[in-house]
Amino acid sequence: TSNWQTYSNGKPDTSDRNRILSNSIGITGAENIDIKEGTSNGLIQSNIFDGTGMSGKNFADSWIDVKGNGYQIINNVGTNSILDGFQVHTVVSGWGFGNIFRGNTLNVKGPGYGISIQSTSKNNIVSCSNVATNAAKGFANVSCSN
């Protein structure tokens with residue numbers, strides 16, 4: 001939302017249906033991917049994430065920070081996060097909803113969860129097909145489903 005006034009006359013960024021496929025992303029200093037509020041229906045699939053060098057500055061503490069709606073995060077592999085593997089947040093009312101996490105392998109090596117869903121984020125699906133190891137708080141802060 002901090003850029004909506006500058007770039008879209010105060011309206012949500014509608015850069016929808018983005019696809020990030022089969023990349024190796026790491027040593028970014030921030031999240032490997034930051035899915036912004038206002039965007040919808042993207043696909044993040046078959047990527048490799050490495051959180052080495054993540055600073056925590058400006059809340060960069062997971063490989064993927066999801067604030068959009070309807071994203072599919074599928075068959076990714078991550079290692080080395082300073083908190084959680086993946087996070088979902090509601091920064092603006094109505095956003096951070098309906099995202100699906102399936103088939104991801106998360107070697108967190110951090111103090112948080114494999115997948116952390118903010119309590120105000122609704123209808124997100126965390127499949128039991130995800131695997132999280134070395135996450136001090138466990139697999140996820142919500143129940144998984146098949």
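Lys67 is in contact (heavy atoms within 4.5 Å) with Asp34, Ile35, Lys36, Glu37, His89, Val91, Trp95 and Gly96, once its neighbours within four places in sequence are left aside. You can find Lys67 in the loop between strand E6 (64–66) and strand E7 (72–74); strands here are DSSP runs of E with at least two residues, numbered from the N terminus. Is Lys67 buried or exposed? Lys67 counts as buried, because its relative accessibility is 7%, and buried means under 20% relative accessible area, exposed over 50% and partly exposed in between, with a 1.4 Å probe and protein chains only.

Before going on, note that this is a predicted model, in which local features need pLDDT of at least 70 and side-chain atom pairs count only at pLDDT 80 or more, while totals for chains, interfaces and linings use all residues. Residues are numbered from 1 along each chain as its sequence is written, and side-chain values use heavy atoms, with hydrogens and water left out.

Now look at the strands. Which order do the strands of the open sheet follow? The five strands run E1-E4-E7-E10-E13, with parallel pairing; two strands pair if DSSP finds at least two bridges between them. Strand E1 (19–21) and strand E13 (125–126) stand at the edges with a single partner strand each, so one side of each has no neighbour in the sheet. E1 is joined to strand E4 (residues 43–45) by three bridges, and Arg19 stands opposite Leu43.

Elsewhere, strand E11 (residues 105–110) pairs in the parallel sense with strand E8 (residues 77–79) over three bridges. Four bridges join E11 to strand E14 (residues 131–135), also parallel. Thr105 is the bridge partner of Val77 and stands opposite Val131.

Finally, the largest nonpolar core has 21 residues, and Phe86, Phe101 and Ile115 are among those with the most contacts inside it. Such a core is a set of buried Ala, Val, Leu, Ile, Met, Phe, Trp, Tyr and Cys residues joined through side-chain atoms within 4.5 Å.
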